[in-house]
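I opened these notebook entries to record what I looked up, beginning with the overall fold and ending with the ligand surroundings.

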Amino acid sequence: MSILLPLPDETATAALAEEVAAVLAPGDLVTLSGDLGAGKTAFARALIRHLAGADQEVPSPTFTLVQVYDTAVGPIWHFDLYRLTAADEVLELGWDEARQGIILVEWADRLGPMMPSDRLDVALDFGATPDSRVARLTGFGTWAGPGDGDAPSARLALSGDAQA
Ligand SMILES: Nc1ncnc2c1ncn2[C@@H]1O[C@H](COP(=O)(O)OP(=O)(O)OP(=O)(O)O)[C@@H](O)[C@H]1O
Ligand SMILES: [Mg+2]
């Protein structure tokens, strides 16, 4: 079960990221899906700044593959696995330690069989105008909604168009 949310501009993307940030706790995993330039890093940046402070610099982890931030709710690990060549390479990036904290992952499909079963996926798609996007939120495992027509998780009180 997914929920679709229109994001008319980047401010709307940031607002959604802040709503997600507010319900995250250590051990949570959010995967960010979507094509190059869809806004995965923009979403992660707003989410991290909500928890680490508005002045926090949040570079894209395109080349470092991971950046870690200390926040009031513990460490947030921001991965970009686009350049990962084998799933278990993520272990060298500190994956096991990261699982104790909050994880945000761009290009999480690179995890293959290592993909955890409990996660919130935020998929961003391009909209009708250059600055618009559509977010599709899907909960898996403990993030799955309680029933048809519900948001991905009872933890997130979002309203949008429910989609099977
Ligand atoms: N509504 C929107 N939400 C998010 N980003 C937007 C929006 N409108 C415009 N943008 C712009 O789109 C770009 C998104 O780039 P971003 O680096 O976040 O993409 P990405 O999905 O992380 O790409 P990559 O796969 O290369 O990591 C930014 O330049 C951002 O300013
Ligand atoms: Mg990115």
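The entries below follow the order in which I consulted the structure.

Entry on the model. I note at the outset that this is a predicted model.

Entry on the fold. I looked up the secondary structure and found three helices and eight strands in the protein. Read from the N terminus, the elements follow the order β-α-β-α-β-β-α-β-β-β-β. I then turned to the radius of gyration: the value for the protein is 15 Å, close to the 15 Å given by the globule rule for 164 residues, so the protein is as compact as a globular protein of that length. Along the principal axes, the C-alpha atoms fill a box of roughly 40 × 30 × 30 Å.

Entry on packing. I checked burial next, and 37% of the 164 residues count as buried. I also looked up the contacts between residues at least 6 apart in sequence; 63% of these join residues at least 24 apart.

Entry on ligand 1. How many residues surround ligand 1? I found 18, of which the closest are T13, G39, K40, T41 and A42. The largest share of the shell, three residues, comes from α2.

I sorted the residues around ligand 1 by class and recorded four nonpolar, seven polar and seven charged residues.

Key. Residues numbered from 1 in each chain as written. Chains lettered and ligands numbered in written order. Predicted model: local features only at pLDDT ≥ 70, side-chain atom pairs only at ≥ 80, totals over all residues. Near = placed C-beta within 6 Å. Helix = DSSP H or I, 4+ residues; strand = E, 2+ residues; numbered from the N terminus. Nonpolar A, V, L, I, M, F, W, Y, C, P; charged D, E, K, R; others polar. Rg over C-alpha atoms; globule rule 2.2 N^0.38 Å. Buried ≥ 20, exposed ≤ 12 C-beta atoms within 10 Å, placed from the backbone. Contact = placed C-beta atoms within 7 Å.
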